[in-house]
Amino acid sequence: MTQTKILLEESEIPKQWYNVVADMPNKPAPPLGPDGQPIGPDALAAIFPMALIEQEVSGERWIDIPDEVREIYRLWRPSPLFRAHRLEQMLGTPAKIFFKYEGVSPTGSHKPNTALPQVWYNKQAGIKRLTTETGAGQWGSSLALVGQMFDIDVRVYMVRVSYEQKPYRRAMMETWGAEVYPSPTDMTQSGRNILADDPDSPGSLGIAISEAVEEAAGREDTNYALGSVLNHVLLHQTVIGQEAKKQLEMVGEYPDVVFSPCGGGSCFGGIAFPFFADKAAGKDVSLVAVEPSSCPTLTRGHFTYDYGDTAGMTPMMKMYTLGHDFVPPGIHAGGLRYHGDSVLISQLYNDGLVEAVAVPQLATFEAGVTFAKAMGIIPAPESCHAIRGAIDEALRCKESGEPKTILFNLSGHGHFDMSSYSSYLSGDLEDYEYPAEAIEQAL
């Protein structure tokens, strides 16, 4: 029998995170303060522990993973790599399709890979509370899970439309002891400002970030934790790609193309960056970020300095952006509704070293249902974007006869997103194309 699951021993959990900055031909532009001048690490000390700040600005290729973090990683790592034989047969493609399955974590997504070290470093710094934002809830539930492991209180500002769409994600966070509020709230000045302009605001990740940062900056015992976008977050996620490389080597394979969902960038960076190290050394591999056409940050956004939040409380970062006041349509892939993107991915995309495609909502759910019928796993709406990219590539291989090896990151399962599948199956979902005039207005 040809192998379906490729598994690693716990002893093979990576001992170091890979820092893509070391291999980037053009380093990312520095963050800017309110005066338009580059800021130093100390400017971030009000909301982050120094250890994470050092990782944020590091140019070292390898950063050691603390032993206690590796020990807890064993609860879900190494994650399995699957060969999607049944999907290949269903599509009639000569391509080989592999996927890295991050839905085996306690929260059902890749997000605990960074929640764990972020909480650990904050604990070492004596922090008692953390605030954060969450879209679909994968990040909020991951921080809640690890927070209680280290006796750190967690407060989550959840984008209002997701708070209403995904009540069981909220219940997960509360089960692990977190406080969860629908953002925008009347608990912060930034939230009150938004509500004054639009009492029925559906919220956005930018708004929720503003609220979480405002609270963290105003309390000595509280820091802020972010689930995507920042360099140290993508760094922590590189355990995914490192494991995938080992697993593919075990069966004598190497990908021609790697697909991943991309919102803020942690999922894409997690699987793609370790392969970029090979690309930088001359290996021929395509790395493709797949985003929603309703939030087309890389494919239609502007590469410029912008705030990471709506209220302008964060430093300005040079990234692809739709504008920090962007309020996305209420698509069900809540984890991909961020207005900007990682500065690392943005720089690589601007340099033509990684690729990006945007796909509509209905096509992603169609891909998710096809995958569920073939492989049995019901994917999260975010993950369906990578599946759409992989299926489209496999169908191109069917037309050309080219037997490519395709790898994608299945970032999580969709067990808490079944209302979105119900809406799709009943014909209640629609495609949203973000209007060009709104993008120009944002600039």
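User: What makes α14 count as mostly covered?

Analyst: Of the 8 residues in α14, 6 are buried. Buried means under 20% relative accessible area, exposed means over 50%, and partly exposed lies in between (1.4 Å probe, protein chains only). The residues that pass are Val 343, Leu 344, Ile 345, Ser 346, Gln 347 and Leu 348. This is a predicted model, in which local features need pLDDT of at least 70, side-chain atom pairs count only at pLDDT 80 or more, and totals for chains, interfaces and linings use all residues. Residues are numbered from 1 along each chain as its sequence is written, and side-chain values use heavy atoms, without hydrogens and water.

User: What covers the buried residues of α14?

Analyst: The cover includes α10, α12, α13 (297-300), β12 (302-307) and β13 (316-321). Contact here means heavy atoms within 4.5 Å. Helices are DSSP runs of H or I with at least four residues, strands are runs of E with at least two, and both are numbered from the N terminus.

User: Why is Val 354 called buried?

Analyst: Its relative accessible area is 5%, so Val 354 falls under the cut-off and is buried. Val 354 sits in the loop between α14 (343-350) and β14. Outside its sequence neighbours up to four places away, Val 354 touches Phe 268, Leu 287, Ile 345, Leu 348 and Tyr 349. Ile 345 and Leu 348 are also among the buried residues of α14.

User: How do you know that β10 and β11 pair?

Analyst: Two strands pair if DSSP finds at least two bridges between them. β10 (residues 257-261) and β11 have 5, so they pair, in the parallel sense. Phe 259 stands opposite Val 288 in β11. The chain gets from β10 to β11 by way of helix α12 (residues 266-280), and this β-α-β crossover is right-handed.

User: What makes a crossover right-handed?

Analyst: Point the strands away from the viewer; the path from the first strand over the helix to the second must run clockwise. The step from β10 through α12 to β11 meets that test.

User: Which strand does β11 join over 5 parallel bridges besides β10?

Analyst: β14 (residues 355-359). There, Ala 356 is the bridge partner of Ala 289. β11 (residues 286-292) is itself mostly covered, with 6 of its 7 residues buried.

User: Why are β1 and β14 called edge strands?

Analyst: Look at the sheet order, β1-β4-β5-β15-β10-β11-β14. This open sheet has 7 strands and mixed pairing. β1 (5-6) and β14 each pair on one side only. β1 meets β4 (residues 81-83) in the antiparallel sense, over 2 bridges. Lys 5 stands opposite Phe 82 there.

User: What makes the space of about 530 Å³ a pocket?

Analyst: On a 1 Å grid over the protein atoms alone, a pocket is an open set of points with protein on both sides within 12 Å along at least five of seven lines, whereas a cavity holds points where a 1.4 Å probe fits but cannot get out. The volume is the space filled by probe spheres set on the points, which are joined across faces, edges and corners. This is the largest pocket. Among its 33 lining residues, those with an atom within 4 Å of a point, the closest to the centre are Pro 31, Leu 44, Glu 56, Leu 230 and Met 317.

User: Which helix gives the most to that lining, and what is the lining made of?

Analyst: α1, with 4 residues. By class, the lining has 23 nonpolar, 8 polar and 2 charged residues. Nonpolar covers Ala, Val, Leu, Ile, Met, Phe, Trp, Tyr, Cys and Pro; charged covers Asp, Glu, Lys and Arg; the others, Gly among them, are polar.
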